[in-house]
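I opened a new structure today and kept short notes. What follows is the order in which I looked things up.

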Amino acid sequence: MTQQKEKALILDSTGIERALTRISHEILEKNRGAREIGLIGIQRGGVHLAHRLAVKIREIEGAPVPVGSLDITMYRDDLGTRKSQPVPQATDIPFDIQDKVIVLVDDVLFTGRTIRAAMNSIMDYGRPKRIQLAILVDRGHRELPIRADFVGKNLPTSSKEKVEVMLAEDGGEEKVVILGE
Amino acid sequence: MALSSKDLLGLKGMPADEIRLILDTAATFKDVSERDIKKVPTLRGKTVINLFYEASTRTRTSFELAGKRLSADVINISTSTSSAAKGETLLDTARNIEAMKSDIIIVRHSCSGAPHFLAGRLESSIINAGDGFHEHPTQALLDLFTLREKLGRLEGITVAIVGDILHSRVARSNIYGLIAMGARVRLCGPPTMMPAGIERTGAEVYRNMDEAIKGVQAVMMLRLQLERQAAGLFPGVREYARLYGMNRARLEAAGKGVIVMHPGPMNRGVEIASDVADNDSVILEQVTNGVAVRMAVMFLLSGGNKAEA
Amino acid sequence: MNILIKNGHIIDPENSVDEKLDLLVADGKIAKLGKPGALSASGAEQIDAAGKLVVPGLIDMHVHLREPGFEYKETIATGTAAARTGGFTAVCCMPNTKPVNDCRSVTEFILAEAAKNGSARVYPVGAITKGSQGEELAEIGELRDAGCVGISDDGRPVMNAAMMRRALEYSTIFDLPVLSHCEDMSLAAKGVMNEGFVATELGLRGIPNAAEDVMVARDLALAELTGGRVHICHVSTAGAVRMIRAAKDRGVRVTAETCPHYFLLTDEAVRGYDTSAKMNPPLRTADDRAAVRQGLADGTIDVIVTDHAPHASDEKAVEFDAAPFGIVGLETSLGLSLKLVEERVLTLTDLVTRMSTAPGRIIGRGGTLSVGAAADITIIDPEMKWTVKAAEFRSKSRNTPFEGRELKGRAVRTIVGGVL
């Protein structure tokens with residue numbers, strides 16, 4: 001792998017916080033409260049974000065929202081074409097998704113293939129009333145007709161660049177950066 | 001992290017991190033079997049062949065379910081329907097199967113080395129589902145998985161394997177797997193059923209069962225093939241059960257919370273008393289875990305671009 | 001045609017010759033030996049053997065030519081072509097053909113075929129018992145008269161001790177050696193390789209050393225009892241070597257042979273389920289290999305043979321349990337055996353003794369460069385380096401565990417009865 005260096009800082013810790021706060025408000029507004037909502041973070045980048053959104057929604061609304069995590073490895077469409085198999089992480093959805101509004105949460109929206117896999121996976125756990133998508137950074141280059149309902153930041157990129165979201169939960173400085181040659 | 005071979009032929013020589021990868025992966029696949037929809041699209045479009053030259057309901061079903069839960073197309077070929085009866089060689093049969101574009105061939109055969117023989121001659125991934133007295137790697141992996149689930153670790157535990165070690169592929173795979181993972185292994189059985197030089201694997205050999213199981217965390221009881229009596233390897237079932245059978249008194253004398261395992265099918269009242277089998281064993285959990293482990297193995301072997309690997 | 005072999009290093013243990021001499025062959029016989037340049041031979045074909053060894057034709061007294069009955073594995077023509085390529089001027093062919101060589105007509109067929117299509121001399125070994133069934137003695141006198149040089153039920157031991165006793169007693173009439181394949185079938189059972197740790201790891205059924213040892217012990221006792229000549233075939237165990245040595249010390253009429261694979265390989269060669277390392281007796285351990293080497297060095301083991309056992313490729317390309325026992329050896333034996341000289345286990349004279357003089361004595365044919373003897377001569381380039389390539393074998397079969405092995409020393413000329 002060629003070493004990529006940091007080309008630009010997109011969001012700092014404050015920027016990330018602001019974006020998540022705004023998304024929380026938008027989720028509540030769109031769904032008229034938190035009553036039907038369940039948040040599901042996509043492994044690995046989306047899980048911490050889902051938990052943060054849950055905290056914020058609770059602060060705003062005073063009511064808890066359930067949070068789960070979803071691993072989409074088994075639903076990928078590129079297995080066998082990669083050099084080695086990705087190791088599946090845990091899927092843990094501790095609530096019944098039947099008739100819930102599921103807000104899928106991920107850090108970066110790129111080709112849309114992960115979201116396709118996530119939706120297929122969700123369907124195997126039950127029949128949600130609706131699925132919405134919350135994304136911290138939408139970097140474009142979609143390969144499937146998928147669009148986010150809630151976006152922290154729209155970011156035009158070249159397809160060769162890499163967008164990396166680093167969160168405090170993983171240890172280290174919290175930021176969103178573009179990496180390139 | 002990936003498996004270094006296109007095939008799973010045995011656990012001998014498999015590094016601990018590869019075994020750990022399989023066990024970790026199996027943990028996530030175990031969840032799939034616990035959902036209402038027990039199926040994921042992971043191996044959609046892949047063709048898995050169960051090529052069984054030896055009857056086995058349990059193992060074949062386990063592999064079949066594992067394949068189907070991964071959305072692979074699974075075809076079963078067993079001796080009664082295979083061309084072996086018509087005198088076709090193993091290689092010809094396997095080449096014909098591969099000509100129909102198989103991705104994974106799961107082989108059970110009474111001849112040790114048969115999966116090895118095919119692995120060197122076919123493109124498909126070969127999974128050894130038990131060959132002669134050689135290895136039965138997925139059985140040992142599910143045993144390791146079950147032990148790790150029950151005890152939280154494998155390193156530093158002591159496991160006794162009791163019975164006909166000589167003719168047991170389950171014992172051999174477990175010896176390699178357990179020792180690779182840092183466990184200690186004790187072997188116990190009549191000397192007529194103890195293979196030459198087995199202590200060179202690092203396992204300790206015992207003649208007396210009560211000594212062998214004293215203080216261990218788990219005991220694996222092996223199935224006694226009753227036809228071994230005719231070969232003079234033991235005088236009779238009654239004496240065998242008395243010397244090498246697991247019963248309540250023995251289990252209690254061994255220590256508290258000793259896990260009792262059996263790869264099945266059991267001879268109740270011979271190597272394991274019904275009372276112990278039904279109340280103290282983890283036999284059915286082993287069976288449940290078998291599906292998850294086999295899903296993990298098929299998943300891991302399907303990954304990776306073989307040309308690049 | 002006369003041949004003058006010049007400047008060669010002649011080794012003839014029979015006549016205690018070990019020096020640089022010229023050798024003249026006339027009318028198919030050894031005519032004269034003399035100092036280099038001392039022999040005049042106008043019109044003789046001249047062979048410059050400088051730097052080469054000139055030895056009595058090598059004899060492999062344990063070979064399976066497969067004809068009649070298994071011509072898809074080998075024929076007398078291809079087997080003797082392989083022998084000659086390997087430096088052998090004569091081979092003894094075992095009787096386990098189809099039909100078994102247990103009567104005059106089969107022996108005559110073999111000899112006629114050898115005379116017509118053979119490239120080396122063929123000395124048939126007749127069966128001990130009819131059909132090698134171990135139940136009734138074959139007509140050994142008739143076999144001897146037809147041309148058999150020994151008797152054996154090779155491939156199948158004579159399990160009945162009383163039958164073996166009778167064979168040893170009866171064969172004394174003709175002073176024929178009884179070549180014994182020593183294997184207790186009840187101990188060998190369904191074994192496919194040496195019993196030991198490697199078999200344990202591979203999950204293959206083992207054949208213990210004792211399967212060979214108990215039969216060697218039995219046959220030595222029977223030879224002692226009867227005064228018969230027993231020749232212990234393909235010795236593979238330390239126990240057999242030890243017992244044969246002790247029996248020889250007591251004066252029992254026993255000779256013994258082993259094969260290159262028993263002094264070069266161990267059961268480790270079976271790893272990977274390589275069916276070209278499957279033979280009977282099986283490859284043993286390093287201790288056995290060392291004992292076999294010691295036995296060769298001290299003369300306990302008289303003869304190096306190949307037990308050349310050709311099998312078709314598809315017969316060997318099967319599950320290890322299902323593959324037949326046996327490997328080919330005629331084209332590799334000399335190169336492999338020269339290793340023993342390189343490793344100072346044997347002197348060159350010892351090697352020629354084990355591969356020519358001793359087998360010649362046991363079967364009463366050849367093994368000498370005495371003046372007047374048939375001109376069976378092998379010329380060896382001891383320095384020639386070559387690589388074993390089964391695809392180039394003259395034998396019909398390719399089942400060798402030595403594929404790709406680098407060897408030093410090879411027969412460059414094999415002269416049979418004065419014919420180049």
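Helices and strands here are DSSP runs, a helix having at least four residues and a strand at least two. I note at the start that this is a predicted model.

**Entry: chain B as a whole**

I looked up the secondary structure of chain B and found eleven helices and nine strands. Next I checked how compact chain B is. Its radius of gyration is 19 Å, close to the 19 Å from the globule rule for 309 residues, so chain B is as compact as a globular protein of that length. The C-alpha trace of chain B spans about 55 × 45 × 35 Å along its principal axes. I then looked at burial: 51% of the 309 residues of chain B count as buried. I also looked at sequence separation in chain B. Among contacts between residues at least 6 apart, 75% join residues at least 24 apart.

**Entry: domains of chain B**

I looked up the domain assignment of chain B. Domain 1 covers 16-135 + 290-302, and domain 2 covers 137-286. Their centres, taken over C-alpha atoms, are separated by 25 Å. I listed the contact between them: domain 1 of chain B gives 19 residues and domain 2 of chain B gives 18 residues. Which elements give two or more residues to the domain 1 side? I found helix 1, strand 4 (125-131) and helix 11 of chain B. By class, that side of domain 1 has ten nonpolar, five polar and four charged residues.

**Entry: chain B against chain A**

I turned to the neighbouring chains. Chain B puts 19 residues into the contact with chain A, and chain A puts in 18 residues. On the chain B side, helix 1 (16-33) and helix 11 (283-302) give two or more residues. Helix 1 of chain B has the largest share, five residues. I sorted this side of chain B by class and got eight nonpolar, seven polar and four charged residues.

**Entry: chain B against chain C**

Here the contact takes 23 residues from chain B and 17 residues from chain C. I found at least two residues each from helix 3 (90-99), helix 4 (114-119) and helix 6 (169-180) of chain B. Helix 4 of chain B supplies the largest share, three residues. This side of chain B divides into nine nonpolar, eight polar and six charged residues.

**Entry: the chain pairs**

Which of the two pairs of chains in contact shares the most contacts? I found that chains B and C do. Last, I checked chain A against chain C. They do not touch, and their nearest C-alpha atoms are 27 Å apart.

Conventions
Residues numbered from 1 in each chain as written. Chains lettered and ligands numbered in written order. Predicted model: local features only at pLDDT ≥ 70, side-chain atom pairs only at ≥ 80, totals over all residues. Contact = placed C-beta atoms within 7 Å. Nonpolar A, V, L, I, M, F, W, Y, C, P; charged D, E, K, R; others polar. Domains from an automatic or database assignment. Rg over C-alpha atoms; globule rule 2.2 N^0.38 Å. Buried ≥ 20, exposed ≤ 12 C-beta atoms within 10 Å, placed from the backbone.
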